[in-house]
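User: Hello! I am new to this structure and would like to learn how to read its features. Could you take me through them step by step?

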Amino acid sequence: MTTVTPDDVRALAQARGKAGEEQVLALTGDVVKVESADEAYDESRGSRVIYTQAELLHEFGEELTDAEATMLAAALTARITEAEA
């Protein structure tokens, strides 16, 4: 089972790519990682976007608490689990 951790969520919140490049939380196989949207949407890599930095900032703002990171990680894990079922 793939698990999104609060550290994954914090890494997305703090990620900085090239100017104008959106960062996303992506799933490649069983690995969750932060990468650019361009990489994640490249179908040849087999990645799937789980959550975008834009969504994160819209829902939680720039200051993400530990409780929010934990709650979001659990929700994203549940979303992945449901999609795999």
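Analyst: Happy to. Buried means under 20% relative accessible area, exposed over 50%, and partly exposed in between, with a 1.4 Å probe and protein chains only. The areas come from the Shrake-Rupley method, and for residues only the protein chains shown count as cover. Please keep in mind that this is a predicted model, where local features need pLDDT of at least 70 and side-chain atom pairs count only at pLDDT 80 or more, while totals for chains, interfaces and linings use all residues. Residues are numbered from 1 along each chain as its sequence is written, and side-chain values use heavy atoms, with hydrogens and water left out.

User: How many salt bridges are there by this rule, and what is the rule?

Analyst: A salt bridge is a side-chain nitrogen of Lys or Arg within 4 Å of a carboxyl oxygen of Asp or Glu. By that rule there are three salt bridges here. One of them joins the side chains of Arg10 and Asp7, with 2.6 Å from N to O.

User: Where do Arg10 and Asp7 lie?

Analyst: Helices (H or I, at least four residues) and strands (E, at least two) are DSSP runs numbered from the N terminus. Both Arg10 and Asp7 belong to helix 1, residues 6-14, and they are three residues apart, about one turn of the helix. Asp7 counts as exposed, because its relative accessibility is 55%.

User: Which other residue meets Arg10 in a salt bridge?

Analyst: That is Asp66, whose side chain meets that of Arg10 at 3.3 Å, N to O. Arg10 sits in helix 1 and Asp66 in helix 4 (residues 66-84), so this pair ties together parts that are 56 residues apart in sequence. Asp66 has 53% relative accessibility and therefore counts as exposed. Taken together, Asp7, Arg10 and Asp66 are linked in a network of salt bridges.

User: And is Glu35, which meets Lys33 in a salt bridge, buried or exposed?

Analyst: Glu35 is buried, because its relative accessible area is 3%. The side chains of Glu35 and Lys33 meet at 3.6 Å, N to O.

User: How should I read a charge patch, and which residues gather in the patch of negative charge?

Analyst: Patches are made of residues with over 30% relative accessible area and no salt bridge; like charges are joined within 9 Å, and nonpolar side chains (Val, Leu, Ile, Met, Phe, Trp, Tyr) within 5 Å. Lys and Arg count as positive and Asp and Glu as negative, while His and the chain ends are not counted. The place of a charge is taken as NZ of Lys, CZ of Arg, CG of Asp or CD of Glu. In this structure, Asp38, Glu39, Asp42 and Glu43 gather in a surface patch of negative charge. Asp42 is found in the loop between helix 2 (37-40) and strand 3 (47-52), and it counts as partly exposed because its relative accessibility is 32%.

User: Now for contacts. What does Ala26 touch?

Analyst: Contact means heavy atoms within 4.5 Å. Not counting residues up to four places away in sequence, Ala26 touches Val31, Val32, Lys33, Glu35, Ala40, Arg48, Val49 and Ile50. Ala26 lies in strand 1, residues 23-28, and is buried because its relative accessible area is 0%. Ala26 and Arg48 are 22 residues apart in sequence, with their C-alpha atoms 5.4 Å apart in space.

User: What about Ala40: where does it lie, and what is it in contact with?

Analyst: Ala40 is in helix 2. Leaving aside neighbours within four places in sequence, its contacts are Val24, Ala26, Glu35, Arg45, Ser47 and Val49. Ala40 is buried, because its relative accessible area is 3%.

User: One more, please. Is Thr2 buried or exposed?

Analyst: Thr2 is buried, because its relative accessible area is 4%. Thr2 lies in the segment before helix 1. Setting aside neighbours within four places in sequence, Thr2 is in contact with Leu27, Asp30, Val32, Thr77, Ile80 and Glu84.

Definitions and conventions
Accessible areas come from the Shrake-Rupley method with a 1.4 Å probe; for residues, only the protein chains shown count as cover.
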